[in-house]
Amino acid sequence: MSEVLDSYPQWLDGAWVTIRLTLLGGALALVLALVFGMAGTSRHAWVRGLNRVYVEFFRGNATLVLLYWFFYALPLIGLRFSTMFAAVLALGLNVGAYGAEVVRGSINAVPKAQYEATIALNFTPFQRMRRVLLPQAFALMLPPFGNLIIELMKGTAIVSLVGLVDLTRVSKNIQGSTGQTVAAFTVVLVLYFVIAQVLQLFVRYAERRVDRMLGRRLPAEPSLGTIAAGAPGAGVG
Amino acid sequence: MSWDWHYSGEILPDLLDGLRYTLTATLLGYVIALVLGLVWTLLRRSPSRVFNQVVRWVTEFIRSTPLIPQLYFVFFVLPAWGVTIGSLTAGTITLGVHYSTYTAEVYRAGIADVPKGQWEACTALNLPRSRVWLDVVLPQAIRRVIPTLGNYLIAMFKDSPLLLAINVAELLFSAYQVGSKTLQFLEPITMVGLLFVLVSVISSILVRRLERRYATN
C-alpha cells in the first residue's frame with residue numbers, strides 16, 4: 001500500500017489530466033448543448049433537422065468509437081489532432097448531444113403562456129430566449145446537467161486507451177511497476193469517487209441558488225422524468 | 001486516401017464476429033443489471049437505517065466511478081483473491097453491476113411514482129405485505145419504468161467498447177485488430193461507428209414507441 005501512496009506525484013499528475021479533460025469537455029458540451037438545443041425549438045424545420053442530425057449521430061455513437069475515429073482514422077485523410085484535442089472533441093460532442101436534448105426538453109417545458117406573452121409583447125426571438133425562456137428553463141436543466149458532467153468525468157477514462165496519462169492510466173502503470181494490484185485499483189476508484197462528490201457538491205449548490213432565484217422549492221425525491229432526462233440512452237420527448 | 005469498398009467487404013465477417021461478443025456482453029449484462037438493480041432497491045427499503053445508508057453509498061460509489069478502472073479491478077483483483085475468470089465474463093459482470101446502480105435508481109423513482117392512494121387502499125383492504133408488492137406496487141411501477149429501462153439497454157450497448165480495455169474481442173477491438181494488420185483504420189472504425197448509430201437510432205425509435213404504449217397520463 002505505501003508504495004502505491006508514495007507515488008503520489010504520479011497520482012496528482014493523472015488527476016490533473018482527468019480534471020482538465022472534464023472541464024474542457026464540459027465547456028465544449030455546454031456550448032454545443034445550448035446551440036443545438038435551441039435549434040431544436042426553432043420554428044424552421046431545417047434548423048430543427050440540424051438538431052436531429054447532430055443529436056442522433058453523436059448520442060448514438062460510443063465515445064470510445066468517436067475517439068478511435070479521431071485518433072486512428074482521421075489522420076489517414078490528413079486531419080491530425082493532438083490526443084488531448086481529439087479527446088476533448090469526442091467527449092464534448094457526445095455529451096453535448098445529450099445536453100442538447102436536455103436544453104430542448106427544458107425550453108419546451110416552460111409554460112406555453114410565457115411564450116405567448118413574449119409574442120404579445122412583441123419581443124424579438126433573441127429577447128424571448130434571453131429574457132424569458134432560458135432563465136426559466138435553466139432551473140429545469142441543472143439536475144440533468146449535473147448528471148451529465150459526472151458522466152463526462154467518468155467518460156474521460158477512455159483517454160487511457162489512446163496514450164494519455166490520466167488517473168486510470170496512472171493506476172495501471174503503478175499496478176505494473178509495484179505489483180500492488182488491489183491497492184492501485186482501489187486508490188484510483190476512491191480518487192474518482194472524491195472528484196465525483198466534489199462535482200456533485202457544486203451542482204447542488206448551483207441548484208439551490210437557481211431555485212432561490214426563481215422562488216422554487218427543491219423536490220425531495222428526483223422524479224422519474226428527471227432521471228429519464230439524464231439517462232444516457234434516448235432523450236426527453 | 002479514399003474509401004476502399006473491396007477492403008470494407010473483406011473485413012465485414014471479422015466485424016460481425018466482434019459484434020457477437022458485444023451483443024453477448026450487453027444482453028447478459030443487462031439481465032444482471034435488471035435483477036441486481038431490483039435487489040438494490042428493495043435492500044434500500046430495509047428498516048435498518050445503517051444498512052440502508054451502507055447500500056446507498058455502495059451504489060453511489062459504483063455509479064460515480066468510471067467503468068474502465070472497475071473493469072481492471074474485477075479482471076486483475078479477483079485472480080489475486082483466487083478467483084479466475086475470463087475477460088468476457090469479467091466484462092459482462094462489471095457492465096451488469098455498474099448499470100444495476102442506474103436501474104436501481106429507476107426502480108426507486110418508479111415506486112415513488114405509484115400514487116399514494118394505492119398504498120392507502122392496500123392498508124384499508126388489509127392486504128398482506130407480499131401481495132401489496134407483487135400485485136399492486138411492482139406491476140404499476142415496472143410499467144412506468146419500461147421505457148427508461150430500455151434506454152439503459154442502449155446505453156450499455158454503447159459502453160460495451162470499453163471492454164476492450166481488458167482485451168474482450170468485441171466490435172471495436174476487432175475493428176482495431178483488422179485495421180492494424182493493414183494500417184487502414186478508416187474503413188473498419190467508420191463502419192463500427194455507423195453500425196453503432198444504426199443500432200442506436202433503431203432502438204431509440206423502439207423506445208419511443210414503448211413510451212407511447214406505456215404512457216400513464
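A contact means heavy atoms within 4.5 Å. With that in hand, select chain B. Of its contacts with a separation of 6 or more, 78% join residues 24 or more positions apart.

Before going on, some ground rules. This is a predicted model, in which local features need pLDDT of at least 70, side-chain atom pairs count only at pLDDT 80 or more, and totals for chains, interfaces and linings use all residues. Residues are numbered from 1 along each chain as its sequence is written, chains are lettered from A and ligands numbered from 1 in the order in which they are written, and side-chain values use heavy atoms, with hydrogens and water left out.

**Stop 1: the whole complex.** The predictor assigns an ipTM of 0.88 and a pTM of 0.88. Colour by pLDDT, the predictor's confidence in each residue, from 0 to 100. Chain B has a mean of 89, with 98% of its residues at 70 or more. Chain A averages 86, and 90% of its residues score at least 70.

**Stop 2: chain B overall.** Show the cartoon. Chain B has eight helices and zero strands; these are DSSP runs, numbered from the N terminus (helices: H or I, at least four residues; strands: E, at least two). Its C-alpha atoms fill a box of roughly 75 × 45 × 20 Å along the principal axes. Of the 217 residues, 48% are buried. Buried means under 20% relative accessible area, exposed over 50%, and partly exposed in between (1.4 Å probe, protein chains only). Chain B has about 10500 Å² of accessible surface, 64% of it from carbon and sulfur atoms. Areas come from the Shrake-Rupley method with a 1.4 Å probe; for residues, only the protein chains shown count as cover.

Next select residues 19-207 of chain B. An unreviewed UniProt entry places "domain: ABC transmembrane type-1" there. UniProt positions follow the numbering used here, feature names are shortened, and annotations may be inferred rather than shown by experiment. The span is 82% helix and 0% strand, with its end C-alpha atoms 22 Å apart.

**Stop 3: a nonpolar surface patch.** Select V31(B), V35(B), V39(B), L43(B) and F51(B). Together these residues form a nonpolar patch with about 390 Å² of accessible area. Helix α1 (residues 5-44) of chain B gives the most, with four residues. F51(B) sits in helix α2 (residues 49-63) of chain B. F51(B) counts as partly exposed because its relative accessibility is 38%.

**Stop 4: S160(B).** Centre on S160(B), in the loop between α6 (129-159) and α7 (171-182) of chain B. Is S160(B) buried or exposed? S160(B) is buried, because its relative accessibility is 1%. Beyond neighbours within four places in sequence, S160(B) contacts T22(B), T26(B), E170(B) and F196(B). Draw a distance to S130(B), 30 residues apart along the chain: the C-alpha atoms are separated by 37 Å.

Stop 5: UniProt's unreviewed entry marks "transmembrane region" at several spans, including residues 77-98 and 182-203 of chain A. Select residues 77-98 of chain A: the span is 73% helix and 0% strand, and its end C-alpha atoms lie 28 Å apart. Then take residues 182-203 of chain A, a span that is 100% helix and 0% strand, with end C-alpha atoms 32 Å apart.

**Stop 6: confidence in chain A.** Which element of chain A has the lowest mean pLDDT? Helix α10 (residues 224-230) of chain A does, at 55, while helix α2 (residues 8-39) of chain A has the highest, at 94. Finish on residues 230-237 of chain A, where pLDDT stays under 50 and the model has 26 contacts beyond four places in sequence. Where pLDDT is low, the predicted coordinates should not be read in detail.

Conventions. Patches are made of residues with over 30% relative accessible area and no salt bridge: like charges are joined within 9 Å, nonpolar side chains (Val, Leu, Ile, Met, Phe, Trp, Tyr) within 5 Å. A salt bridge is a side-chain nitrogen of Lys or Arg within 4 Å of a carboxyl oxygen of Asp or Glu.
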